Amino acid sequence: MNKLALALSGILACSGAGYYHCVNNVVPKYLHEKLPAIESMADNYINGKVKIKGFTWGGGLSFEVDDVVVTDKNQTEVAVLPKTIVSLRPWLGIFDKTEKVVSKIEFINPKVYLTMDEKQKWNMQSLLKPSDSDETPFYGQAQITNGKLHVAMPQGKWDFGVEGIIEGGANPKFNFDTVV
């Protein structure tokens with residue numbers, strides 16, 4: 001019985017050390033190497049650029065995306081996302097659509113710049129590329145915490161606070177529960 005307990009303790013210690021190594025060395029290095037590929041994937045969806053400073057993963061079912069800046073085709077900032085937490089349900093990727101793996105995206109302190117030009121055209125009108133699909137590949141929840149919406153029009157400028165939740169479960173019919 002003593003040898004069995006010793007063997008199980010050794011296996012447990014090795015598993016813990018392996019997990020610690022993955023959390024602190026393997027995954028951060030992998031995410032850092034994939035950063036350019038992730039940023040260029042955005043080119044398929046927007047007319048502009050996405051720049052990401054980095055990722056932080058603590059070993060659980062969520063990771064943090066740090067300092068994301070979205071610019072339009074004129075290289076003007078459209079959104080600044082200092083902290084975004086992405087929560088995952090990886091088991092859904094095995095049994096269901098991989099789009100359902102992301103359960104929640106929380107945007108903390110985001111800033112969005114909505115601008116109307118002299119021709120009464122909004123900067124967001126041409127940001128997203130056209131899609132043939134009726135659905136968006138997101139079925140989770142998007143939460144906005146302490147957001148700021150900066151609106152600029154020829155008539156003036158305004159700033160609004162934004163808080164809320166967007167439910168994507170009934171995709172493509174999203175449920176908005178937001179306060180501006």
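**A walk through the strands and the core**

What we are looking at is a predicted model, in which local features need pLDDT of at least 70 and side-chain atom pairs count only at pLDDT 80 or more, while totals for chains, interfaces and linings use all residues. Residues are numbered from 1 along each chain as its sequence is written, and side-chain values use heavy atoms, with hydrogens and water left out.

First, the overall layout. The protein chain has two helices and eight strands, where helices (H or I, at least four residues) and strands (E, at least two) are DSSP runs numbered from the N terminus. Read from the N terminus, the order of these elements is α-β-β-β-α-β-β-β-β-β. Of the 180 residues in the protein chain, 26% are buried, and here buried means under 20% relative accessible area, exposed means over 50%, and partly exposed lies in between, with a 1.4 Å probe and protein chains only.

Back to isoleucine 108, which sits in S4 and stands opposite lysine 83. S4, residues 102-108, pairs with S3 in the antiparallel sense over six bridges, whereas S4 and S6, residues 141-153, pair in the parallel sense over five bridges; two strands count as paired if DSSP finds at least two bridges between them.

Threonine 84 also belongs to strand S3, and this residue counts as buried because its relative accessibility is 5%. Leaving out residues up to four places away in sequence, threonine 84 touches Phe63, Glu64, Val65, Ile105, Glu106 and Phe107, contact meaning heavy atoms within 4.5 Å.

Next come S1 and S2, which run antiparallel and are joined by nine bridges. They form a hairpin with four residues between them, and glycine 59 in the turn has a positive phi of about 100°. Within this pairing, isoleucine 52 has valine 68 in S2 as its bridge partner. Beyond its neighbours within four places in sequence, isoleucine 52 is in contact with Leu35, Ile38, Glu39, Val65, Asp66, Asp67 and Val68.

Which residues touch the most other members of the largest nonpolar core? Among its 13 residues, they are Ile46, Val50, Ile52, Val65, Val68, Val70 and Leu127. The elements giving two or more residues to this core are strand S1 (48-57), strand S2 (62-72) and strand S3 (77-88), and S3 gives the most, with four residues. By a nonpolar core I mean a set of buried Ala, Val, Leu, Ile, Met, Phe, Trp, Tyr and Cys residues joined through side-chain atoms within 4.5 Å. In soluble globular proteins, nonpolar side chains tend to be buried together.

Is valine 69, then, buried or partly exposed? Valine 69 lies in strand S2, and it counts as partly exposed because its relative accessible area is 24%. Not counting residues up to four places away in sequence, valine 69 touches Lys49, Val50, Lys51, Glu77 and Ala79. Valine 69 and lysine 51 are 18 residues apart in sequence, and 5.2 Å apart in space from C-alpha to C-alpha.
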